[in-house]
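Hi,

Here is the structure I promised to pass on to you. Have a look at it first, and my notes on what turned up follow below.

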Amino acid sequence: MTVSTSKVDKLSVVVGAQWGDEGKGKLVDMLAQKADICARCQGGNNAGHTIVVDGVKYDFHLIPSGLISPTCTTLLGNGLVIHLPSFFEEIANLEAKGLNCEGRIFVSDRAHLVFDFHQIVDGIKEVELGRGSIGTTKKGIGPAYSSKASRSGIRVHHLYEDDVFESRLRSIVANRFKRYGQFDYDVEAELKRYRQLAAKLKPMVVDSVTYMHASLQQGKNILVEGANAIMLDIDFGTYPFVTSSNTGVAGVCTGLGVPPNRIGDVIGVVKAYTTRVGEGPFPTEQLNSVGETLQDVGHEYGTTTGRKRRCGWLDLVLLKYSHMVNGYTSLNLTKLDVLDGFAEIKVATGYRLPAQNGQPGELLDSFPASLSTLAEVEVVYETLPGWQSDISNCRTFEELPVQAQEYVRFTENYLGVPIDYIGVGVSRTAMINCPRRS
């Protein structure tokens, strides 16, 4: 038997290590300067990355933020659900800010489509849930993934099979009318609109599986940009307060059609504190002046939704679990500068069950699956000294105050993962590239 010796490089992955909004976009922007392809593997326009370059702010929702690099091509993989009107609106906004999109954005023919009726249903379902609502963005992402799972979804390639597209659209809308009542939705107008959008999209459509494997075979530098984050993963996140896709490294395989042995570096992006948007338990949340300071100094408002983010101390219990699932080869610690003003900084190092009969509760081994348990845990904190100085102009690890260095080392040592990058500001240059420390 002859074994092929042709070169097949591995791709690199950037994923969110908390509940999202960690600042993945800036690292992707930096790494994409040397990438040939930047790909998204899951999610929809419920995600958002903001990147500031030369004073210009770019907002990305569906399109990989590697597009800012002029030599980088982008791919929306089969694992995405795509709302085409929003997709083309995003392109128009990026082009208005000077980005060249022509011939640089490709879309998998296997990706599923989000329609306006999915967004309507999203809102209806939230009303039905009432107090148990999950805080959805109402972008139609969950209902679109539900259509996919129930095998009634519409994929990109169906747009070019006219009879199939029309029959599937009429069928799924009729089904939703039966389930939710006759809401305001014009099927005829939607058919007409999507035939126009299909023509506009066609030059971008590719067989993404073949595209990815051919690119790997050619030794191209491929970067995968994760959306959302592992604690919003449909399997491993704080279910049901999660998104509807696999947001960890496993989503790369299912969302781009590449096997696990083609995955190389997995870089987890970690905010120097913790935030989350929407509902669900949040053990280290600070509903006090600490949380307000983190929110104000960190400008913690969602790129896609504009919603305020809930804020709290860094949670290393959560991150250790996150590392178990994703196997990070390194970390990017972002927004360290937001902690500049604190005299003391707390870090969560354990969860205990509530005390009983005057005795301390059991120390949990890991992050619990049960939200009831998570909501009642007592957080064990380690208190570290703050540095109370401006670090936004630091560009080497050695330039950081000793207390900031200790904060970084404490995090590395607890997790057993090196921190290779440290974000200290908003601009693309406000990043410390750290040499490995023994």
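The "binding site" annotation in the unreviewed UniProt entry covers D21 and G48; such positions are given in the numbering used here, with feature names shortened, and annotations may be inferred rather than shown by experiment. The two span 28 residues in sequence, yet no two of their C-alpha atoms are more than 7.9 Å apart, so they gather at one spot. From this set, G48 is part of the lining of the largest cavity.

A word on the source: this is a predicted model, in which local features need pLDDT of at least 70 and side-chain atom pairs count only at pLDDT 80 or more, while totals for chains, interfaces and linings use all residues. Residues are numbered from 1 along each chain as its sequence is written, and side-chain values use heavy atoms, with hydrogens and water left out.

D21 sits in the loop between β1 (11-16) and α1 (24-32). Helices (H or I, at least four residues) and strands (E, at least two) are DSSP runs, numbered from the N terminus. With 26% relative accessibility, D21 counts as partly exposed; buried means under 20% relative accessible area, exposed over 50%, and partly exposed in between (1.4 Å probe, protein chains only). Neighbours within four places in sequence aside, D21 is in contact (heavy atoms within 4.5 Å) with K271, T275, V277 and R309. G48 belongs to the loop between β2 (37-40) and β3, and at 22% relative accessibility G48 is partly exposed too.

The entry also has an "active site" annotation, which covers D21, H49 and K148. These span 128 residues in sequence, and the farthest two C-alpha atoms are 26.1 Å apart, so they do not all gather at one spot. Of these residues, H49 is in the lining of the largest cavity. H49 lies in strand β3 (residues 49-53) and is buried at 9% relative accessibility. K148, in helix α4 (residues 141-149), is partly exposed at 32%. Leaving aside neighbours within four places in sequence, K148 is in contact with N78, G79, H112 and G153.

Now the cavities. The structure holds 2 of 30 Å³ or more. On a 1 Å grid over the protein atoms alone, a cavity is a set of points where a 1.4 Å probe fits but cannot get out, and lining residues have an atom within 4 Å of a point. Grid points are joined across faces, edges and corners, and a volume is the space filled by probe spheres set on the points. The largest cavity has a volume of about 40 Å³, and its lining has 5 nonpolar, 4 polar and 2 charged residues. Here Ala, Val, Leu, Ile, Met, Phe, Trp, Tyr, Cys and Pro count as nonpolar, Asp, Glu, Lys and Arg as charged, and the others, Gly among them, as polar. The second largest cavity holds about 30 Å³ of space; its lining divides into 7 nonpolar, 1 polar and no charged residues, with H323 and Y328 among them.

Finally, 10 strands form an open sheet with mixed pairing, in the order β9-β7-β5-β2-β10-β1-β11-β15-β18-β19; two strands pair if DSSP finds at least two bridges between them. β9 (205-206) and β19 (431-433) stand at the edges, each with a single partner strand, so one side of each is left without a neighbour in the sheet.

Best wishes

Notes:
On a 1 Å grid over the protein atoms alone, a cavity is a set of points where a 1.4 Å probe fits but cannot get out, and a pocket is an open set with protein on both sides within 12 Å along at least five of seven lines; lining residues have an atom within 4 Å of a point.
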